[in-house]
Each structure stands twice: as C-alpha cells, then as structure tokens.
Amino acid sequence: MLNDSSVVEDNALSIDRFLKDNCINRIKPTILRDVKTEALLVFARTALERYFYQVEESACDLSVGTKADTEYVYDTLRDLRDKLQESVVNVDYLITLAKYADKYPHLKKLAKYEEPLKDYYNAMAQKVVNHFSDKPSFIPEFLVICVLSHWILEEEKSVHLYPFLNEIDFALLIDKFETNREYFEQNNDGIIEDMHNVAVGIVEKLKDKKYKANIKRVSKVRSKKK
C-alpha cells in the first residue's frame, strides 16, 4: 500500500521508493501496444488481490468441483497474483499518483508518463462498471481467466515481457469452471456465459481504445509562458 511518506521527497529516490512500494520489480513496456497488455495485467492483479483479500477476510470455502480441481485453480491464481505483484502495478498506484500529481512536481511528470496506462485501464474498468450496473453477482477470478485467455490465446497478443503467462494453461482453467457450472449457476442464471461475454467486451474495448496525448493542454501552458 502506498502512503504519504512514499511521495514527499522531490527527487528520483522518492520516485523509486514510490514505485517499489507498489511493485518490487516492475516490467515497464516502451511501446503502446505492450502498454495495453500491461493495462490488462493491472486489471488482473487488482481483481485477484481484492478477490483473495475478501476470501481471506470472510474465511469462505472455495470450490471448483473436486478438491484436486479446486486446489489446482486457486493455487494457480494465487501464484499468478504473486507474480503480477512483482512485475505489474495495481490500480492503487494509479489512484495515488493522480491524487498527488498536482502537489509534487516529480509525480506530475510521472503521471504524464503513465497516462496511456491509465487511459487503457479506465476504458476496461468503465466497461466492467457498465456491464455490472444491474448485475451485482459475478465471478471475478473467472473473469480474470477469461480476459487473459481471450487476449493471449484468441487475439494472440504478445506477452514476451511476461513469460510466466505462457506457463499457465488458461484453457484448462476455463474447463474446470465449465465442467462445474452447476456450482456457480445455482439459479440457472447463466453467469459462466456472462463472464465469457464481458471478457470479450473488455478485450474489444481495449483493442479499440486509442491513446491521444493532450497536446492542446501543453500548448496552452507554453503560450502562457511566452
């Protein structure tokens, strides 16, 4: 968790500490198409962190069919969460950056640098908010699996910066949920199919999102200096 002490000092060391408080060994893409993958992983990390936190707080039992299947699915997802925490920031980083950007000049520059990531993430988050505005019940861990599977397997997007993703059998994970639909669809509400549909919507939204730098705002600042 980030805190005020992470952002007080106006220097490079402060920025380094600010980043490491949220992500130990961040992998930062240098081209926009890879930033889209990064945004998807920010989404995945955030969702998994919040999901497992709620699970631990409520001490609820997890189940995807047999004990072996349950252990396979959730051990895989916990390992994925841990690897994402080491290499990808979460949404708390973006929120904190936005909160302090106007207060600390060094963070304002960093916030500008992170604008593509923020815009891509916000596009996906808005898609989720809109979809579930009248559907409060969903399976966040399965949504993460479906989104990553669609991006990596169906869209064949490169994940060369994050080789650990290639070690995950997303098709097998999906099959575990599909095979045990009755556990999640106790009222025949079609929630498994709904997760597939919203995952496709999220990926399409991310694919179509175009980042445009706010050049007009910069030019106004420059004109005032003149």
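**Starting from the core**

Author: Let's begin inside: the largest nonpolar core has 67 residues, and the ones touching the most other members are L80, L143, L148, L165, F177 and I202. Keep in mind that this is a predicted model.

Reader: Ok, and which helices supply at least two residues of this core?
Author: Helix 2, helix 3, helix 4 (91–100), helix 5 (105–113), helix 6 (115–131), helix 7 (140–154), helix 8 and helix 10 each do that.

Reader: Which one gives the most?
Author: Helix 2, with twelve residues in this core.

Reader: Why would nonpolar side chains end up in one place?
Author: In soluble globular proteins, nonpolar side chains tend to be buried together.

Reader: Can we zoom in on one? What is L143 in contact with, beyond its neighbours within four places in sequence?
Author: Setting those neighbours aside, L143 contacts F43, F132, F138, M195, V198, A199 and I202. I202 is, like L143, among the residues that touch the most other core members.

Reader: Let's zoom out. How many helices and strands are there?
Author: Eleven helices and zero strands. Along the sequence, the pattern reads α-α-α-α-α-α-α-α-α-α-α.

Reader: And what share of the residues is buried?
Author: The protein has 226 residues, and 46% of them count as buried.

Reader: What about the accessible surface, what's it made of?
Author: That surface comes to about 12600 Å², and 51% of it belongs to carbon and sulfur atoms.

Reader: New topic, charges. How many salt bridges does the structure hold?
Author: It holds 14 salt bridges. As background, side chains of opposite charge can pair when their charged atoms come close.

Reader: Show me one. What do the side chains of R45 and E49 do?
Author: They meet in a salt bridge, at 2.8 Å from N to O. Both residues lie in helix 2 (residues 32–58), four residues apart, which is about one turn of the helix.

Reader: Is R45 buried or exposed?
Author: Buried means under 20% relative accessible area, and R45 is at 5%, so R45 counts as buried. E49 is at 17%, so E49 counts as buried too.

Reader: Which pair links distant parts of the chain?
Author: Look at D69 and K176, whose side chains meet in a salt bridge of 2.9 Å, N to O. D69 sits in helix 3 (residues 67–87) and K176 in helix 8 (residues 170–179), 107 residues apart.

Reader: Are those two buried or exposed?
Author: D69 is buried, with a relative accessible area of 18%. K176 counts as buried as well, at 16%.

Reader: What does E193 pair with?
Author: E193 forms a salt bridge with R181, and their closest N and O atoms are 3.5 Å apart. E193 lies in helix 10 (residues 191–208) and R181 in helix 9 (residues 181–184), so the pair ties together parts that are twelve residues apart in sequence.

Reader: How accessible are they?
Author: E193 has a relative accessible area of 39%, which makes it partly exposed. R181, at 26%, also counts as partly exposed.

Reader: Which residues are linked in a network of salt bridges?
Author: R26, K28, E38 and E114 are linked that way.

Reader: Last one: what does H150 touch?
Author: Not counting residues up to four places away in sequence, H150 touches E155, V200, V203 and E204. H150 lies in helix 7 and is buried, at a relative accessible area of 16%.

Terms used:
Residues are numbered from 1 along each chain as its sequence is written. This is a predicted model: local features need pLDDT of at least 70, side-chain atom pairs count only at pLDDT 80 or more; totals for chains, interfaces and linings use all residues. Side-chain values use heavy atoms; hydrogens and water are left out. A salt bridge is a side-chain nitrogen of Lys or Arg within 4 Å of a carboxyl oxygen of Asp or Glu. Buried means under 20% relative accessible area, exposed over 50%, partly exposed in between (1.4 Å probe, protein chains only). A nonpolar core is a set of buried Ala, Val, Leu, Ile, Met, Phe, Trp, Tyr and Cys residues joined through side-chain atoms within 4.5 Å. Contact means heavy atoms within 4.5 Å. Accessible areas come from the Shrake-Rupley method with a 1.4 Å probe; for residues, only the protein chains shown count as cover.
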